[in-house]
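I opened my notebook for a first look at this one.

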Amino acid sequence: MEAPSIVTQKEVRQSHSPGRLASIDALRGFDMLMIAGGGQFISTLGGKTGIPFIDAVAAQFEHPAWNGFTFYDFIFPLFLFLAGSSLAFSITGGLAKGIPPSVIRNKVFKRMLILIALGILDKNAPMDIFDPAHIRYGSVLGRIGLATFISAILYMKFGTNQRLYIGVGILVAYYLIVILVPVPGFGAGDLSFEGNLVGWIDRNFMPGILKQGTYDELALLTQFPAICLTIFGTVAGDVLLKESNSGRKVQKLFTFALAGIVIGLIWNFVFPVNKHLWSSSFIMLTSGMAFAMLALFYWIIDVKGYHQWAFFFRVIGLNSLVIYLAVRFVDFNESSRLLFAGIYKHAPENWHEVYNTLGGFVLVWLFLYFLYRQKIFVKV
């Protein structure tokens, strides 16, 4: 909720106060681990060990071509969900300190603009600012900024149940629009790569270039279901904030998890789980999984008090924006090759990529650990 800033030592000490949950930082770190090299490392293990289980896990880190779902599809939705959970704590804390809602709204709006700008830079570097027609405007960071801003507005105007109904209502409306509105040349209800309504709207109304040519999964219409993940994240945040009994908190989170997963799997029969379309079934499935992951991390870390194992993830989670941009602009794998190729060149050649990717990830974590030790946390 703040403009980019460096967190001070005093703020770091405060981060351990009851107002901030270590489980959210750890889960965010687990999520960023997959983005910062962990997912790539697991993927490179496929076909290397001859162990069917490892091959199956590695296959979960490849996105399906169209319909379907793998664990890798869960990574971005989980981040959007956690952005909502953190937002609940930030806004509640700000209001408790007497900060006017208008001030909070303006800060979140500025944050959105910063994230949109950083997202455009991330997706287009090196960017030719004099050729806007060939700039891709849809981005991960932009989506996070927009979803957080809309969710913040809703959080300050509506209660927990009302926001839950709004989220579900958006998903139902999105489903009906995609199914019922005819696409020129294809008709209504076409969910194919070529004929879906999402792509048609992108081709006709989205400025700049589209990632997939005929559509962009981070463009216009998919913004609406994606926002629901952050809205549901604020619901989870309210559970953690307002329930006084920790056991009741875990129970509620798992109840939401079960409901989301079941609804998502049932909805899949008429609106297939599809990350590219951000289908309503995909949102319900991933939000259910996010509720479950948050419940598990909260129970282990904040209820049972098992903190030490989560330190590895918290180092990453406390500087998530830094590492997201760092892995885009710094070639850690090339640094790994320069540092470690003299060692792993003696291993079988088909393992070189595995060891190099592992080395790159180790460098990423050490970089974040250095920032952690220096009490440097860059936030937006």
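Before anything else I noted how elements are named: helices (H or I, at least four residues) and strands (E, at least two) are DSSP runs, numbered from the N terminus. The model is predicted, so I kept in mind that local features need pLDDT of at least 70 and side-chain atom pairs count only at pLDDT 80 or more, while totals for chains, interfaces and linings use all residues. Residues are numbered from 1 along each chain as its sequence is written, and side-chain values use heavy atoms, with hydrogens and water left out.

**Entry 1: Thr-44**
I found Thr-44 in helix α2. Is Thr-44 buried or exposed? Thr-44 counts as buried, at 7% relative accessibility; here buried means under 20% relative accessible area, exposed over 50%, and partly exposed in between (1.4 Å probe, protein chains only). I then listed what Thr-44 touches, not counting residues up to four places away in sequence: Glu-353, Val-354 and Thr-357. Contact means heavy atoms within 4.5 Å.

**Entry 2: Leu-21**
Next I looked at Leu-21, which sits in the loop between α1 (9-14) and α2 (22-44). Leu-21 is buried, with a relative accessible area of 13%. Leaving aside neighbours within four places in sequence, its contacts are Phe-89, Leu-240, Tyr-298 and Asp-302. Asp-302 is 281 residues from Leu-21 along the chain, yet their C-alpha atoms are separated by 7.0 Å.

**Entry 3: α7 and α11**
I turned to helix α7 (residues 160-180) and helix α11 (residues 280-303), which pack at an angle of about 150° with axes 9 Å apart. Axes are lines fitted to C-alpha atoms, for helices over the stretch in contact, and angles run from 0 to 180 degrees between N-to-C directions. The two helices are therefore roughly antiparallel to each other, a term for angles over 145 degrees. Where do they meet? I saw Leu-171, Tyr-174 and Tyr-175 of α7 against Ser-280, Ile-283 and Met-284 of α11.

**Entry 4: the cores**
Which residues have the most contacts inside the largest nonpolar core? They are Phe-232 and Trp-278, in a core of 93 residues. A nonpolar core is a set of buried Ala, Val, Leu, Ile, Met, Phe, Trp, Tyr and Cys residues joined through side-chain atoms within 4.5 Å. Helix α11 gives the most to this core, with 13 residues. I also noted a second, separate core of nine residues, Ala-88, Ile-104, Ala-152 and Tyr-155 among them.

How values were computed. Parallel < 35°, antiparallel > 145°, perpendicular 65-115°, else oblique.
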